[in-house]
Amino acid sequence: MPNSLTIRVGGDTGTTTGVISTGEMLTIAFARSQYDVFTFRTNPAEIKGGQAMFQVRIGNHPVLAQGTTLDLLIAYDAESLKTHGKDLKTDGLIVFDTDTFIPDDNYTKQSYGIPMSSMAQDQAGSKKSKNVVAMGAAAEMLGLPMESVKSVLHEQFKHKSEKVLEANLKAFEAGWAWALKNIANRDFKVPPRELKVGKLIMSGNEAMAVGALHAGCRYYAGYPITPASEILEFMEKEMPRYDGFAIQTEDEIAAITSCIGASFAGAKAMTATSGPGFSLMMEALGLASMTELPLVIVDCQRGGPSTGLPTKTEQSDLNQAIFGGHGEAPRVVMAPSNVKDCFFGIIKAFNIAEKYQIPVIFLSDQSLSQRTQTFTAPKLSAIEIWDRIMPSAKEESYMRYKLTENGVSPVAIPGRHASTYVATGLEHNENGDPNYTPANHFRMMQKRHKKLEYISREKGFTRRFGDEHAKLGIISWGSTEGPIEQAIRTANKAGYEVAALQLKMLHPLPDEEIRHFLNSVEHVMIPEINYTGQLNQIIRAKYMVPTIPLNKCAGVPFSPEEIYNKIEEVISQS
Amino acid sequence: MPEIQTSSNVNVKSTADIKSNVAPIWCPGCGDFGVLSAVYRAALILDLDLKNTVLVSGIGCSGRLPIFTNFYGFHGVHGRVLPTATGVKLANPKLTVIAVGGDGDGLAIGGGHFPHAARRNVDITYIMMDNSVYGLTKGQGSPTTAPNFTLKALPYGVQDENLNPVALSLAYDVSFVARAYSGHIDAMTDLFVKAIQHKGFSFVHSISPCTVFNDTYKFYRERVVEIPKEHDVTNKKAALDLWQTPGKVYLGTFFKSSRTEMTEQSAKLSVAVQARKGKGSTEKLLEQFV
């Protein structure tokens, strides 16, 4: 029995309704049936028309990557079979719509044609429900409990009329019955289920939004942008329950400056965007740094530059996050590695922002933001929440920017503290008054940058895994962790001594852990989803080590095989 | 939202309590002195508490204004006065929030924010200190510089039509529209008081001449005239006629309407949503994802 299985749904969004939702509904049904799931999707950038793909990999152990080869492909049209057919395993199966196309002879042995469109027309009264027919057939083949999938259909269609729900349930049952009767291949290898308690299933964007609310975020401002808009939508829906504000601003500059205003007035504030919007925020990022106000900025990275590949993934905003903007403005850059980490990581982002009164950039990417994954429900009482330090009630000679050991000084809040002050983006003295003297500028730069030394010593921003005595070390960041971990497991089994250090904070770097790791290995490899190797250059510059970059710049994540092949190549050449 | 402590409010008894120990850096005769004076006076009349009042400003000569007061202040980036002030107000609706900025700040680099502040009708007062020139960068044309006016940076004269802040605010349906002139400090004070008292987004176009690069005192002295007492401030058509009157620059309240204010609207929404779905908690949120 295999311990994982990969299913892909492909079709044109112009001619097929619900290419993505078919996959999403199956995913929820799998998660509720005690499977670990990991999804991957590509949407066309257009609203209607263009090929969309949704993939779910299920397993009875933590699934680390989206899966490279397919066990089951649901193809709604000839184009999707052409695109995805080559990824099919030799014993993989295809389900296709005979009303739309007939695949060529190469696929005869492993394909099952279902007259999806006509069945949908007969049963549900509309060809639109053909995706639900396909879903019924797939659910039956994959051994999902019928009632469990039906309950997902109920939830999906509850906001529509009873008639629509009835029609879709009929379409689903027809698909199910068709598979039961016609699919001869009863040896389809579905991994056994394993009972696990307290499983949650959510997307990266949802996990960041929930985590932010848990951290105490009560002001959210954003401007719609793919692939970050789900955070805005979630916040707009939930914030009224928290007596906070979530607003859609006129642009990203308004989003970040209103967050800075809200933070000045005492609220924990966040904005989320993608690369183009983040570029617009650069000037104000410096203002947050200069006025020393806590702020969290989520950047769901997408393919760039310019409008680039709005619906595809890339890790190409690291330079922008660390170095972007004029002057030298201290900021923190963090990156989550999976959906669970989106939840826990964003809470840490708020904590660091508050403790050090500094903007924190949280770098997700399209593949992580829009991926759904299962994880064990967090124990909320165990999570620490930090708040900014404030002046005591009777501060006589309050100085907002008083020089301190770690650069952090108590911040007065309008409406709460009698110690008023004016925050300004101009260079200022300890009082906050504009001051351009040479000595003062240096002193205040030192104050603001001192925080970074202390932040780099904060614990819990690295994760080491793999061989304990590794000769080859991989340094990675963000969503590449999963495929790297899977590749390392395979490599360790094959006898290769390789380990990885996942960095969850990219600026300032967790220096001690990195030095320790670099000293423990002979070769260092740095895989990134970008063209120029941004982390690679930073590690080289700071530690002066001859690193080996591995770059993929194709709009899609690494497969574990790609990482494994490079491990093999590096070790065989050394 | 932060709880407001009312125990140690800092009440203001005289202008000295409001004046900070940083002296204004404006040029002699600058209209901005008049605006600052009117802000002090309005604060005294309204008994504005230092602790619960925030002045937000942009970049330019006008942007320095909060620094010369003892109120809470936020001197931000160029053109972003209104979104910054909106963030302050939403984070704590009990604060009195006054936004100040210049004509370049509010109509050129930050021109895109003005209509949206008007749409939201958030309860902040926006004082646009209009000197019709870029003073701090030493004499370039601004969006309100009159056509053909010759400046250092425009030796052949301004080629573009000038924008009219009052006309724009009427078009954007700002719920309180007024114009003041820093040569008439009493009238300006009176309009600031009315604007701050107005529940919603209030706008005071404050003519504030620059004596160095575009000295318009003489121009305005000959043209400013009080809006006639019989003007109906709820009549937008009449307000539009007033600003278009050739040869006259009317001062006073052009237009006033009572629209739903943003923070009140949101508070109502919160009550309604919580009545239906309950107060927010992470435990409940996570239940959506099982």
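Student: Which residues does B:V88 touch, leaving out those up to four places away in sequence?
Tutor: From chain A, A:G261, A:A262, A:F264 and A:A265; from chain B, B:V54, B:V56, B:F74, B:L95 and B:V97. Contact means C-beta atoms, placed from the backbone, within 7 Å. This is a predicted model: local features need pLDDT of at least 70, side-chain atom pairs count only at pLDDT 80 or more, and totals for chains, interfaces and linings use all residues. Residues are numbered from 1 along each chain as its sequence is written, and chains are lettered from A in the order in which they are written.

Student: How many residues are in the largest nonpolar core?
Tutor: 239, with A:A138 and B:V88 having the most contacts inside it. Helix α13 (residues 339–356) of chain A gives the largest share, 10 residues. A core is a set of buried Ala, Val, Leu, Ile, Met, Phe, Trp, Tyr and Cys residues joined through C-beta atoms within 7 Å; buried means 20 or more other C-beta atoms within 10 Å of a residue's own.

Student: And what does the second, separate core include?
Tutor: That core has 8 residues, among them B:W26, B:C30, B:C61 and B:Y134.

Student: Switching to α16(A): what do its buried residues pack against?
Tutor: Strands β16 (462–466), β17 (472–477), β18 (498–503) and β20 (523–528), plus helix α19 (560–573), in chain A. Helices are DSSP runs (H or I, at least four residues) and strands are E runs of at least two, numbered from the N terminus. The buried set includes A:I484, A:I488 and A:A491.

Student: What follows α16(A)?
Tutor: A:G495, with a positive phi near 95 degrees.

Notes. Buried ≥ 20, exposed ≤ 12 C-beta atoms within 10 Å, placed from the backbone. Contact = placed C-beta atoms within 7 Å.
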